[in-house]
Amino acid sequence: MAIASLSSLNLTAKSSPLCFRFHISRSKPVLASSFGSSIKNHRIQIAASAASASSLSFRDLDADDFRHPLDKQNTLLLKAIPGLNEIGKALLGSISEQVMVLENIGTSVLVSENQLSELHHLMVQSAEALKIEAPDLYVRQSPVPNAYTLAINGKKPFIVVHTSLIELLTRKELQAVLAHELGHLKCDHGVWLTLANILTVGAYTIPGIGGMIAQNLEEQLFRWLRAAELTCDRAALLVVQDPKVVVSVLMKLAGGCPSLADQLNVDAFLEQARSYEKAAASPVGWYIRNAQTRQLSHPLPVLRAREIDEWSRSQDYISLMKWAISTNSAQKA
C-alpha cells in the first residue's frame, strides 16, 4: 500500500517498492512478554482446530480487536489535526475519483464466479472470515509484484492484484495478501490516508511556513502508514492462521522470485529479523534504523516479519483464535 497518486490533481507521494499498496480516492468520513510453554500448547490446539475447519470466521469481529497499538496511537494523532476531514473533502472532487477508477478498471480483468473462480473463492472466504463485505477484485498485468485497494466515496471498493504477485506466491500466501488488503477496509484506513495525503500536498502551496507544515504532516502520515501496515498483517494472520504464511509473503517481496521460491526458508528469514534487531539495539544502530525508516511508507520487511511472529505467540491472538473456534463450533452444532 502506498499513498494515493492522483494524476489529475498532480498529487504524488513516496511509496515502498517492497510491499502492497493502499491506493485510494476520497473515502466516506467515519465517526470515527512471553507466555512460556502454555502458550505453545495453546498454539498447537488452535492450529489443529483451525486445520480441521474448511473456513474460520470471526463473528462480531471489531477492527480494534486486532488493531496494532501504534495504529491506534497514530490514528488519534491524525484525528487531532484541526480541519483535516473538511479540507480533504473540499480539495478532492468526483473527477479525480473517476480518473482513478477508469485507470484501474480499464486495464484489468474483473474476478468473479465465472472468471478466475479460484481467486474469487479466496476473496469471498477471506471477507467472510473478517466479517466484511467482499469488494470487487481485479487482476492486472504488471511485472511489479503488488496489490492495492481503491476505496471511493459512495462506491464499492475494489482490490487490484498484479499478475507477477500471483506468479510469485502460493494460493495460501495470495489469500494472506487479500486479507491484508481487506484489513485496510475493515479498519477504515482510507479515510485518514486520503485526507492526510491531500492536506500534506496542499500545505506545500502555502507561502512561507507551508513547507514546514507539510513536512510535519508528512512525517506523521508515514508514521501512521507504517503502523497501519502492522495492523493489516494481523488481519492476514487471522485469515490464514499460520504466521509462516504471512512471513513467507514478506520474505518473497523482499527477495524472492518464482525460480527461487522453493529454496526460501522462513525460519532463516525470521533469524535474519532477530539479527537485525540486535544490530539496531546499539545507539548507532538505533539512529541508523530510524534514518532508514523515517521516510518509508512501510516498515522494513524484517521488522514486519518479527512483529507478526511475536503477535502469533501473544495472548491476544490466542484468545481471538479460541473465540473463533468456539463460536464456529457452536454454529455448526
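Which helices each supply at least two residues of the lining of the second largest cavity? Keep that in mind while we look around.

This is a predicted model, where local features need pLDDT of at least 70, side-chain atom pairs count only at pLDDT 80 or more, and totals for chains, interfaces and linings use all residues. Residues are numbered from 1 along each chain as its sequence is written, and side-chain values use heavy atoms, with hydrogens and water left out.

**Stop one: confidence.** Colour the chain by pLDDT (the predictor's confidence in each residue, from 0 to 100). The average is 76, and 68% of the residues score at least 70. Now select residues 1-19, where pLDDT stays under 50, then residues 21-54, where pLDDT also stays under 50. Where pLDDT is low, the predicted coordinates should not be read in detail.

**Stop two: the core.** Select V161 and L238, the residues with the most contacts inside the largest nonpolar core, which has 61 residues. Such a core is a set of buried (under 20% relative accessible area, 1.4 Å probe, protein chains only) Ala, Val, Leu, Ile, Met, Phe, Trp, Tyr and Cys residues joined through side-chain atoms within 4.5 Å. A second, separate core of seven residues includes L78, I81, L221 and W224.

**Stop three: the cavity.** Select H68, L230, D233, R234, R304, E307, I308 and W311, which line the second largest cavity. About 30 Å³ of space lies in this cavity. Back to the opening question: the helices are α9 (210-240) and α13 (301-311), and α13 gives the most to the lining, with four residues.

Notes
Contact = heavy atoms within 4.5 Å. 1 Å grid on protein atoms, 1.4 Å probe; cavity = no way out; pocket = protein on both sides within 12 Å on 5 of 7 lines; lining within 4 Å. Points joined across faces, edges and corners; volume = space filled by probe spheres on them. Buried < 20%, exposed > 50% of the residue type's maximum accessible area, 1.4 Å probe, protein only.
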